[in-house]
Amino acid sequence: MIGNQAQKLEELISSSAQKRSKKTRFIAITSGKGGVGKSTISSNLAYVLSQSGLNVGIFDADIGLANLDVMFNVKIKKNILHVLKGEATVSDILIPITRNLILIPGESGDEILKYSDKALFERFMQEAEVLDKLDVMIIDTGAGIGEHIQMFLDAADDVIVVTVPDPAAITDAYATIKTIATSRNDISLIMNQVKSEKEAVAVYEKIKKVALANIGDKLNLKLIGKINSDVKVSSSVKQRALFALEHQGSSVHKDIVDIANAINKNLERDVLVTSSESGLSGLFRRLIKHF
């Protein structure tokens, strides 16, 4: 049944495909378990990238918790499902955070695929063109390795796994990396809540050693950055504020800027994205393709 829905959606998508000059880089941020700061990093990273002059969208696919509204201190009334059901337009659900940053309240991949009404979907794809100018779309996925999360990971250009230096979190991060490695070789890692660069590298080397031994040497696991353990981060979360905005110039601000710079380098050498894949409509094309 779902296979038929996916096929129907694929036909609708191909019929609405147009040539576009803009390319959006889709970056999925995920974690093996909850509570490791994935959404905190996603929201602050999106903000810092937008401050560097890029047009950034952040898609909230962490449906169980969906706490990006808390991070950005905004109220979400409707999400992508309301659009697919014809109860709202794409513009109705978009929440501008800054001039260059837009929050897109999402839904899980399997829920999205249930909607294959031709007229509504065509309207959705047309309306979604308002987001075609995006340079980057951060996809904040749920934690773990469920099928609905895998859909977003498969659709992304880059996958970043967030973990902390805690034995249980490291075990879960490794399990996540192992699952992701079945469909891609390049995976990035962010070490959160570390005491120092030295600790971040040590934990990363430990994960990499086990991963290469069990997954194989085709795996390219990179440490894209770290965030120091700092009370400024937790106090910002409690205040529904971004630490990258509230504590500019601090060590944690420098950490998130370093990660943004590493992503910017990837953007500069981006040759993988085809010109028809941009914005929200581009994400949907990919979700269907990878179903």
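This is a predicted model: local features need pLDDT of at least 70, side-chain atom pairs count only at pLDDT 80 or more; totals for chains, interfaces and linings use all residues.

User: Is Asn73 buried, partly exposed or exposed?

Analyst: Asn73 sits in the loop between helix H3 (68–72) and helix H4 (80–84). Its relative accessibility is 46%. Buried means under 20% and exposed over 50%, so Asn73 counts as partly exposed.

User: What is the phi of Asn73?

Analyst: Most residues other than glycine have a negative phi. Asn73 is a residue other than glycine, yet its phi is positive, near 55 degrees.

User: And which class, buried, partly exposed or exposed, does Arg240 fall into?

Analyst: Arg240 is found in the loop between helix H11 (231–238) and helix H12 (243–246). Although not a glycine, Arg240 has a positive phi of about 55 degrees. With a relative accessible area of 41%, Arg240 is therefore partly exposed.

User: Turning to the strands, how many residues of strand E5 are buried?

Analyst: Strand E5 spans residues 136–143 and is mostly covered. Of its eight residues, the number buried is seven.

User: Which residue in E5 is the bridge partner of Ser31?

Analyst: Strand E1 (residues 25–31) runs parallel to E5, and six bridges join them. For Ser31, the bridge partner in E5 is Ala143.

User: Which residue in E5 is the bridge partner of Asp60?

Analyst: Here the pairing is between E5 and strand E2 (residues 56–61), in the parallel sense and over six bridges. Asp60 has as its bridge partner in E5 Asp140.

Technical notes: Residues are numbered from 1 along each chain as its sequence is written. Side-chain values use heavy atoms; hydrogens and water are left out. Buried means under 20% relative accessible area, exposed over 50%, partly exposed in between (1.4 Å probe, protein chains only). Helices (H or I, at least four residues) and strands (E, at least two) are DSSP runs, numbered from the N terminus. Two strands pair if DSSP finds at least two bridges between them.
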